[in-house]
Amino acid sequence: MKRKIGILFVLLISLAASAQEKRMAVVEFSTSYLRLKPDYESPLETQELMGTVVEIVGEESYWREVVTPQPYRAWCTDQGLVEMNAEELKAYEEAPKVMYKELYGHIYSEPSCRAQTICDLVGGDLLRLAQPARNPQAGLRGKWTKVMLPSGKTGYVPTKEIKPHTGFVSIAMGEGSSESISPETTEAIIAEAEKLLGAPYLWGGMSAKGVDCSGLVRICHIMNGIHLPRNASQQVKCGERIEIPLQDRDDNEGEAHGDRTESLKEDMTRRISNLQRGDLVFFGTPASDERPIRITHVGIYLGNNRIIHSSHRVRINSLIPGDPDYYENAHRLVAAIRL
């Protein structure tokens, strides 16, 4: 019996040591491209932004397999990561930070737009303040702010292009309610989405360099201090489910075209009557006796029957048949949530 207890104790100590030996790193690139396999020709799975903490769980040549907070597990190159030990990571996480708030920009070697660039930036990137004594909550002053990359390199960004960052609120699957996000934050989220109007659709994209549908939703929330899961099939499980009545299955055969259009308009108007501005709307295949609901697309409801979403490009479309800007797959609306 004593021997068994001794063996168990050794195993527990070993597991604890293993947990403490996790390889942690911080994303250094403005946008790190995470791929399915350690190969540049491998499909893009997602993007991760500068300042994000990830765990390294695999290694092959100059590729690193990482687990991200999205959550996601994929491969990126080692030059886009700064590996840190526990003490370094603690110092990084506790350091005052700012978030880059414009679509695209640069860090400069000197406080001048004519100076040499150190790297590029996209909205949502996190940077440490190079002067630790400065408190971002007290306000950022001056035309330029000295910042620090995860690697320790320093440079300057225009102060008007950054904002204080105090951390994220995470809304995981199964969490959230209709009071999680204030009306003011809802408007700010929509404003971020509208900044990306016209941006090209990119499978796995989550930045101004290209976004897919769930990437658009996630980056707009990140810009407002909110972490959502990465994929639409995960996002639909957050927040409070809003009732979306089933589509009218009556084909109304024999109706004139005009009458049929009016019938479809009435049906969709009925289905979206419970939606509010800022709700997330999901499209796909409804659940049946043979299979669960399948989510293939997500957008943000703007009110007045319209959504903003990434489909071919970031665009605004109507959900109402017959409207000039009608979204061709609106009839596949299957769910909605309110955060």
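The following questions and answers concern a predicted model of a single protein chain.

Reader: How many helices and how many strands does the chain have?
Author: The chain has 339 residues, and buried residues make up 47% of them. Among contacts between residues at least 6 apart in sequence, 60% join residues at least 24 apart. As for secondary structure, the count is 6 helices and 24 strands.

Reader: In the open sheet of 6 strands, which are the edge strands?
Author: The strands of this open sheet follow the order 19-24-20-21-22-23, with antiparallel pairing. An edge strand pairs on one side only, and this holds for strand 19 (240-241) and strand 23 (313-318).

Reader: Which residue is the bridge partner of Y301 in strand 22?
Author: Strand 21 (residues 294-303) and strand 22 (residues 306-311) run antiparallel and are joined by 3 bridges. In strand 22, the partner of Y301 is I307.

Reader: Is H312 buried or exposed?
Author: H312 lies in the loop between strand 22 and strand 23. Its phi is near 75°, a positive value in a residue other than glycine. Because the relative accessible area of H312 is 63%, and the cut-off is over 50%, H312 counts as exposed.

Reader: Through how many residues does a hairpin join strand 5 to strand 6?
Author: Strand 5 (residues 63-68) pairs with strand 6 in the antiparallel sense over 6 bridges. The hairpin that joins strand 5 to strand 6 passes through 3 residues.

Reader: Which residue does a cis peptide bond join to Q70?
Author: The residue in question has its place in the loop between strand 5 and strand 6. Omega of the cis peptide bond is about -5°. The bond joins Q70 to P71.

Reader: Is W75 buried or exposed?
Author: W75 is found in strand 6, a strand in which 5 of the 6 residues are buried. Leaving aside neighbours within four places in sequence, W75 is in contact with residues including Y33, L36, P38 and W63. Because its relative accessibility is 11%, and the cut-off is under 20%, W75 counts as buried.

Reader: How far apart in space are W75 and G58, C-alpha to C-alpha?
Author: The two residues are 17 residues apart in sequence. From C-alpha to C-alpha, the separation in space is 8.5 Å.

Reader: What is the relative accessible area of S61?
Author: S61 has its place in the loop between strand 4 (53-60) and strand 5. Although S61 is not a glycine, its phi is positive, about 55°. S61 is exposed, and its relative accessible area is 58%.

Reader: Which side chain of opposite charge is nearest to E48?
Author: E48 is found in strand 3 (residues 44-49) and is buried, yet it has no salt bridge. A salt bridge needs a nitrogen of Lys or Arg within 4 Å of a carboxyl oxygen of Asp or Glu. The nearest side chain of opposite charge is 4.5 Å away, and it belongs to R218.

Reader: Which side chain does a polar contact of 2.9 Å join to that of E48?
Author: Leaving aside neighbours within four places in sequence, E48 is in contact with residues including V27, S30, T68 and M206. The side chain that the polar contact of 2.9 Å joins to that of E48 belongs to Q70.

Key:
Residues are numbered from 1 along each chain as its sequence is written. This is a predicted model: local features need pLDDT of at least 70, side-chain atom pairs count only at pLDDT 80 or more; totals for chains, interfaces and linings use all residues. Side-chain values use heavy atoms; hydrogens and water are left out. Helices (H or I, at least four residues) and strands (E, at least two) are DSSP runs, numbered from the N terminus. Buried means under 20% relative accessible area, exposed over 50%, partly exposed in between (1.4 Å probe, protein chains only). Lys and Arg count as positive and Asp and Glu as negative; His and the chain ends are not counted. A polar contact is a pair of N or O atoms within 3.5 Å; within protein, one must be able to donate a hydrogen and the other to accept it, and residues adjacent in sequence count only if both atoms are side-chain atoms. Contact means heavy atoms within 4.5 Å. Two strands pair if DSSP finds at least two bridges between them.
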